[in-house]
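I opened my notebook to look around one chain. I wrote down each thing I looked up, one entry at a time.

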Amino acid sequence: MAIVRLGELLGQDAAGAFLREVVKRGRPSTAYLFQGAAGIGKGTAALAFARALLCERSPGAAATPDLFAAPAPSGGDACGECPACHKTASLQHPDLKFVFPVSGEERELEATIAETLQGLREDPLFVFVYEKAASIRLSITRELLRELAYAPYEAARRVVVVRDADRMREDQYSAMLKTLEEPGGSTVWVLTSARPSRLPATIRSRCQRVPFASLSEARLRDFLEERAQVSSTEARLLAALSGGSLARALAMRDSEPLRVRDEALALLGPALRGDRAGLWRAAQSFMKYGHTGRETLKRMFEMHQLWLRDLLRVQAGMPREAIAHRDRETEIRRQAAGVAPSEIRRRLAVLEEAIQSIDGNVTADLTVFSAMARVAGSRIGEGRWPEHAAARWNY
Ligand SMILES: [Zn+2]
């Protein structure tokens, strides 16, 4: 993510247009809630919105309006040139407060936050990755609320961006609610959340909702190819696997998706031949005797799902543009000609079940073995079981 302008948001035309209109009118609401799936640009949009609201040429932004200043740009966006725009671009505007969840020790909090902000400033493809327990810290919101008691420093308004606002505690919400209820305040709150139902209803009801749409595969693919220097084969796979989330696609970029794909598809060979011993060895080798992580295992099954989705798409006569594994199109077309759609759906159901089981206490290589055997049509329980001991996760 980067600190961009509202006009530069990726694939959020409706939200972008709405927010520009708000800026243009110069009378923003007290609070907005940007909601939509994770990784589709809500956070980027929140900072872009803040930037536009603080831009010295935006209506109502300047603390002492200069009557002779250039007229406001008609687009309702940050001008990108005024001193305020320069400060917001590097997240150094005193009236822009940016709060986000962090994990780790409280005594390392300052360093963690500084490091995150540095990454955000320097890397236009920066992705926020949270641990499960990451939260917006109490000390941070306390300090923020103290500061809100004073007037803004430079602009006529202050903008507080709270990323993933659902990661707070009950008492933080109540404290926040008090300031949301104060009439005539000079603060504009912008909350983002992929799980808005986790926010207290009292907070939600005070926010104007701004929905964000998931990104299309085509848009993600183009972005990955053009802006993230990902090869077209990889971009196609990542876009298809990401479920419309740019952050997820970017995070997966370093996990060698093509190698995982090839290893994944290779597992099907012995399965289809009915070579159980071969499949067992392949499964163990894929799991590296427990060293392969759950994410990679999940990705492996997802690669198979994509493959089957490609078969269905070819059968439905969709254009080659729609094929995720397009570098293996010949093979896809050959298989599609020989498998019934009902069989493909059966295989998809097997894979879905396997993916669901991963988060439980599964024996990894056995999961790979049985799922692949079932995809290939064998019924587990028939014939001879593999004799080796199964490896559990190694961590
Ligand atoms: Zn400006």
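What is the volume of the largest pocket? I looked this up first. It comes to about 1600 Å³. I noted that I am working with a predicted model.

**Entry: the pocket**

I then asked what lines the largest pocket. The lining has 47 residues. Those nearest the centre are Ala 38, Gly 39, Phe 128, Ala 247 and Arg 248. I also checked which helices take part. At least two lining residues come from each of α2, α8 (217–227), α10 (246–252) and α14 (294–315). Helix α10 gives the largest share of this lining, with six residues.

I turned from the pocket to cavities. Rolling a probe the size of a water molecule over the atoms shows where empty space is left. How many cavities of 30 Å³ or more does a search of the whole structure find? I noted three. The largest cavity holds about 60 Å³ of space.

I listed what lines the largest cavity: Leu 268, His 304, Trp 307, Leu 308, Leu 311, Gln 335, Arg 347, Leu 351 and Val 375. Two helices, α14 and α16 (341–358), each supply at least two residues of this lining. Which of the elements gives the largest share of the lining? I found that α14 does, with four residues.

**Entry: the whole chain**

I stepped back to view the chain. I counted 17 helices and five strands. The C-alpha atoms fill a box of roughly 85 × 45 × 35 Å along the principal axes. The chain has 395 residues, and 48% of them are buried. I also looked at contacts between residues at least 6 apart in sequence. Of these, 76% join residues at least 24 apart.

**Entry: the zinc ion**

Which residues coordinate the zinc ion? I found four cysteines: Cys 55, Cys 79, Cys 82 and Cys 85. Each uses its SG atom, and the distance is 2.3 Å. Along the chain, the donors follow the spacing C-x23-C-x2-C-x2-C. Cys 55 and Cys 79 link distant parts of the chain, 24 residues apart. Both sit in the loop between α2 (42–54) and α3 (83–89). I checked burial too: Cys 55 is buried, and so is Cys 79.

Why is the arrangement around the zinc ion tetrahedral? It is tetrahedral because the four donor atoms subtend angles of 104 to 116 degrees.

**Entry: one side of a helix**

I picked helix α5 (residues 138–148) and looked for buried residues. I wrote down Thr 141, Leu 144, Glu 147 and Leu 148. They cover an arc of only 125 degrees around the axis, so they lie on the same side of α5. What covers these buried residues includes β2 (96–99), β3 (158–162), α6 (170–181) and β4 (187–193).

**Entry: Leu 224**

I found Leu 224 in helix α8. Is Leu 224 buried or exposed? Leu 224 counts as buried because its relative accessibility is 0%. I left aside its neighbours within four places in sequence and listed contacts: Gln 229, Val 230, Ala 235, Leu 238, Ala 239, Leu 246, Ala 249 and Leu 250. I checked Ala 249 again. Leu 224 and Ala 249 are 25 residues apart in sequence, yet 8.2 Å apart in space, C-alpha to C-alpha.

**Entry: Gly 244**

Where does Gly 244 lie? I found Gly 244 in the loop between α9 (232–241) and α10. Gly 244 counts as buried because its relative accessibility is 8%. Not counting residues up to four places away in sequence, Gly 244 touches Ile 40, Ser 214, Leu 215 and Leu 220.

**Entry: positive phi**

Last, I looked at backbone angles. Most residues other than glycine have a negative phi. I noted two residues that go the other way. Leu 91 is not a glycine, but its phi is positive, about 60 degrees. Leu 91 lies in the loop between α3 and β2. At 13% relative accessibility, Leu 91 counts as buried.

Glu 256 is not a glycine either, and its phi is positive, about 50 degrees. I found Glu 256 in the loop between α10 and α11 (257–266). At 44% relative accessibility, Glu 256 counts as partly exposed.

Terms used. Residues numbered from 1 in each chain as written. Predicted model: local features only at pLDDT ≥ 70, side-chain atom pairs only at ≥ 80, totals over all residues. Heavy atoms only, no water. Donors = N, O, S within 2.8 Å, 3.2 Å for Na, K, Ca; no water. Tetrahedral: all angles 85-135°; square planar, octahedral: opposite > 155°, others 65-115°. Buried < 20%, exposed > 50% of the residue type's maximum accessible area, 1.4 Å probe, protein only. Arc of directions from axis to C-beta. Contact = heavy atoms within 4.5 Å. 1 Å grid on protein atoms, 1.4 Å probe; cavity = no way out; pocket = protein on both sides within 12 Å on 5 of 7 lines; lining within 4 Å. Points joined across faces, edges and corners; volume = space filled by probe spheres on them.
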